[in-house]
Amino acid sequence: QVQLVESGGGLVQPGGSLRLSCAASGIIFRVNVMGWYRQAPGKQRELVASISSGGRIDSKDSVKGRFTISRDYANNTIYLQMNSLEPEDTAVYYCNARNIFNSWRSQDYWGQGTQVTVSS
């Protein structure tokens with residue numbers, strides 16, 4: 001079974017930093033896109049940042065300049081370096097891996113989520 005293993009979540013003070021890691025294993029076909037989503041209570045799940053196999057990066061406007069996504073292609077691992085954290089960043093963060101087969105079919109794999117809490 002495909003598995004995404006996340007680590008690095010926790011409690012941090014405003015202005016602090018945190019680094020999330022996600023390692024994918026058991027994926028038969030090459031992953032096209034990997035990224036991070038987050039969901040706070042009462043809010044919809046939203047894309048934080050993603051990176052394609054070609055290096056294309058998409059990210060949420062509110063995290064630009066503070067968060068950086070990177071990928072270790074050899075190990076199918078992605079990272080999210082989060083700096084200048086704000087209470088509004090508090091959420092469950094989910095790792096995502098997506099295989100794109102064609103314009104109308106793709107397969108998504110999700111991690112179990114890791115809690116990030118920003119509070120003083």
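A salt bridge is taken here as a side-chain nitrogen of Lys or Arg within 4 Å of a carboxyl oxygen of Asp or Glu. By that criterion the structure holds six salt bridges, and a search of the whole structure finds one disulfide (a pair of cysteine sulfur atoms within 2.5 Å). The model is predicted: local features need pLDDT of at least 70, side-chain atom pairs count only at pLDDT 80 or more, and totals for chains, interfaces and linings use all residues. Residues are numbered from 1 along each chain as its sequence is written, and side-chain values use heavy atoms, with hydrogens and water left out.

**Salt bridges around arginine 38**

- Arginine 38 forms a salt bridge with glutamate 46, and the closest N and O atoms of this pair are 2.9 Å apart.
- Arginine 38 is buried at a relative accessible area of 6%, where buried means under 20% relative accessible area, exposed over 50%, and partly exposed in between (1.4 Å probe, protein chains only).
- Glutamate 46 is also buried, at a relative accessible area of 17%.
- A salt bridge also connects arginine 38 with aspartate 89, the closest N and O atoms being 3.1 Å apart.
- This pair links distant parts of the chain, 51 residues apart: arginine 38 belongs to strand S4 (residues 33-39), whereas aspartate 89 is in the loop between strand S8 (77-82) and strand S9 (91-102).
- Strands, like helices, are DSSP runs numbered from the N terminus (helices: H or I, at least four residues; strands: E, at least two).
- Both members of the pair, arginine 38 and aspartate 89, are buried.

- Arginine 98 forms a salt bridge with aspartate 108, with the closest N and O atoms 2.7 Å apart.
- The two residues are ten residues apart and link distant parts of the chain, arginine 98 lying in strand S9 and aspartate 108 in strand S10 (residues 105-110).
- Arginine 98 is partly exposed at 24% relative accessibility, and aspartate 108 is partly exposed at 26%.
- Salt bridges that share partners join Arg38, Glu46, Lys60, Arg66 and Asp89 into one network.

**Asparagine 96**

- Asparagine 96 is placed in strand S9 and counts as buried at 2% relative accessibility.
- Its side chain is joined to that of aspartate 108 by a polar contact of 3.0 Å. A polar contact is a pair of N or O atoms within 3.5 Å; within protein, one must be able to donate a hydrogen and the other to accept it, and residues adjacent in sequence count only if both atoms are side-chain atoms.
- Leaving aside neighbours within four places in sequence, the residues in contact with asparagine 96 (heavy atoms within 4.5 Å) include Leu4, Tyr37, Asp108 and Trp110.

**The disulfide**

- Cysteine 22 and cysteine 95 form a disulfide, their sulfur atoms being 2.0 Å apart.
- The torsion about the S-S bond of cysteine 22 and cysteine 95 is about -85 degrees, so the disulfide is left-handed.
- The two cysteines are 73 residues apart and link distant parts of the chain: cysteine 22 is in strand S3 (residues 18-25) and cysteine 95 is in strand S9.
- Cysteine 22 is buried, with a relative accessible area of 0%, and cysteine 95 is buried at 0% relative accessibility.

**Residues with positive phi**

- Most residues other than glycine have a negative phi.
- Asparagine 76 has a positive phi, near 50 degrees; this residue is found in the loop between strand S7 (67-72) and S8 and is partly exposed at 25% relative accessibility.
- Serine 84, although not a glycine, has a positive phi of about 50 degrees; serine 84 lies in the loop between S8 and S9 and is partly exposed at 41% relative accessibility.

**The four-stranded sheet**

- Four strands form an open sheet in the order S1-S3-S8-S7, and their pairing is antiparallel; two strands pair if DSSP finds at least two bridges between them.
- Strand S1 (3-7) and S7 stand at the edges, each with a single partner strand, so one side of each is left without a neighbour in the sheet.
- Six bridges join S7 to S8, which run antiparallel.
- Arginine 71 stands opposite isoleucine 78 in S8.
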